[in-house]
Protein chains: 2
Amino acid sequence: MGALHRGHVSLIEAARRDGTYTVLSIFVNPTQFGPQEDFNKYPRDEAGDLNICAEAGVDLVFAPPVEVMYHPDAVTTVRVAKLTDTLCGAFRPGHFEGVATVCCKLFNIVQPDVAYFGQKDAQQLAVIRRMVRDLDLPLEIVACPTVREPDGLALSSRNRYLSPADRRQATCLYRALCQAAERIKAGERDPAAVAGLMREVIRRAGPERIDYASVVDPASMQPVERIGGPVLLALAVHVGPARLIDNLLVDPGATGPAAAPEQWLSDAATGRRDAAR
Amino acid sequence: MGALHRGHVSLIEAARRDGTYTVLSIFVNPTQFGPQEDFNKYPRDEAGDLNICAEAGVDLVFAPPVEVMYHPDAVTTVRVAKLTDTLCGAFRPGHFEGVATVCCKLFNIVQPDVAYFGQKDAQQLAVIRRMVRDLDLPLEIVACPTVREPDGLALSSRNRYLSPADRRQATCLYRALCQAAERIKAGERDPAAVAGLMREVIRRAGPERIDYASVVDPASMQPVERIGGPVLLALAVHVGPARLIDNLLVDPGATGPAAAPEQWLSDAATGRRDAAR
């Protein structure tokens, strides 16, 4: 959707490592915004984006106007059920139908062999993966790790909405995820306790409007009853005028420093951005 | 869906005229049948189908089992709204979602440059065309004329359900369409009068269960209020155990013998099966 940041650049870098021709799409897709959401004020910076693309070595930028993407009488939608009942899907009705439909269109227009998505939008990634598998779309989806600021805040175009005070508060999302991960590593298996801890960390930092603080199955996006395997910790929190999301994949069985959130944080802080394939 | 007849062969012939490699799919798609419909007894004849394909010069037959086409946890569907509210869409809830989804999958698996569909399933054709346009699927859809028996009955795999007495009754569909077309050519502009005539012709022949006898816009599939341009006359009638559909495109402005239904009938009877592109 443009307003490119280092998270997007990490996707470009992954694409350039793997492939021979890199296409980047910029399209602020109206159909994935609700009527009360930020479609109109969503940050747009085509000149800045094109500079970033040129510097990062993108071969083609596909930035169609809305009327090229959608016929006035378009009536076709792609729906990925179940996965979209929870988390952002529950708070943003129609959002993932808009995402799935526009991604299906972009894939058909660009016809890439591989498409790169950030792990930061974990539910979107799961929805796209499922759509590609279910509709037999002829491409591979590669997830790239969330890129973070030195203090842990996940990069997002919507961070531009944050005042300096909001920006300080916003670090609570990643802090809540890390503390929850530590609690799981220490043996906690009750998702309600883990979710409660995340809410507590967030509220203590200031933000009061938490859309969700959930412990879900990473494939189905459904809440788990007990933490018995890898889980996704997922947050959506309103900070000032921005609705921020973040998530962390936690495997309670994994050991060693590579799986510890502190390590992930320092990886992000030192700019390590390997594509996880 | 297999149970191939001369209508399907006309599609193969059109594909072979246009292209260099012809793929035919055979898949009785469970998701486009309602719970009370004929999925289980739908005619299947793989050996006969393969003979017809070999004779007609098909290069590849794609006949996947159901469990190859659908993952057990598949949740993705393609929906074409509005066009599917009327005609068969109104009588077969979920039918066109099943059709659109499986066609999207087949297109992505086979990746044809051109796909051929019979005009006999006019609403299906309109739905597929709209889906291809709306989702930017990279292929062209070509419609081929309905192939008919010498007495006008449109070829259909479901004609195999008809007893000899049913078979005689079944000619009433095309007779109703032709008489309605003549009435329009003679100046009738009221769709209700035209629909009434079709119902009368059908009931006089015996069939009592008419799902619809409609005069619709050929692009939107919505009922017209007045016949001011080309219209689609569309019928769905239960004859014995079979639910038969048929349709005729009528242009009230067109003149000359080429547009007269009698001519179309005799074309069909003499085996003319040109693909209309």
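How far apart do the C-alpha centres of domain 1 and domain 2 of chain A lie? In this model, which is predicted, the answer is 24 Å. The domain assignment of chain A puts domain 1 at 6-144 and domain 2 at 162-268.

The two domains do touch. On the domain 1 side of chain A, 10 residues are in contact with 15 residues of domain 2. Helices α4 (87-91) and α6 (122-134) of chain A each supply at least two residues of that domain 1 side. By residue type, the domain 1 side divides into six nonpolar, two polar and two charged.

Next, a sheet in chain A. Three strands form an open sheet in the order β6-β7-β8, with antiparallel pairing. Why does one side of β6 and of β8 have no neighbour in the sheet? Strands β6 (210-216) and β8 (242-250) of chain A stand at the edges with a single partner strand each, so one side of each is left without a neighbour there. Direction ignored, neighbouring strands of this sheet are turned by 10 degrees against each other on average.

Between β7 (residues 231-239) and β8 of chain A there are nine bridges, and the two strands run antiparallel.

Helix α8 (residues 172-185) of chain A touches β7 and β8, and its direction makes about 25 degrees with that of β8(A). Helix α9 (residues 191-205) of chain A touches β6 and β7, with its direction at about 145 degrees to that of β6(A).

Now the core. The largest nonpolar core has 134 residues, and those with the most contacts inside it are Leu177(A), Met198(A), Leu233(A) and Leu233(B). Leaving aside residues up to four places away in sequence, Leu177(A) touches Met198(A), Leu233(A), Leu235(A), Asp246(A) and Leu248(A). As background, nonpolar side chains tend to be buried together in soluble globular proteins.

Last, the contact between the chains. How many residues does each chain give to it? Chain A gives 24 residues and chain B gives 24 residues. On the chain A side, β3 (76-80), α5 (95-110) and α6 each supply at least two residues. The largest share of that side, five residues, comes from β3(A). The chain A side divides into 12 nonpolar, five polar and seven charged residues.

Strand β3 also pairs across the contact: β3(A) and β3 (residues 76-80) of chain B are joined in the antiparallel sense over five bridges. Within that pairing, Val78(A) has Val78(B) as its bridge partner.

Methods:
Residues numbered from 1 in each chain as written. Chains lettered and ligands numbered in written order. Predicted model: local features only at pLDDT ≥ 70, side-chain atom pairs only at ≥ 80, totals over all residues. Core = buried A, V, L, I, M, F, W, Y, C linked by C-beta atoms within 7 Å. Buried ≥ 20, exposed ≤ 12 C-beta atoms within 10 Å, placed from the backbone. Contact = placed C-beta atoms within 7 Å. Pairing = 2+ DSSP bridges. Helix = DSSP H or I, 4+ residues; strand = E, 2+ residues; numbered from the N terminus. Axes fitted to C-alpha atoms, helices over the stretch in contact; angles between N-to-C directions. Domains from an automatic or database assignment. Nonpolar A, V, L, I, M, F, W, Y, C, P; charged D, E, K, R; others polar.
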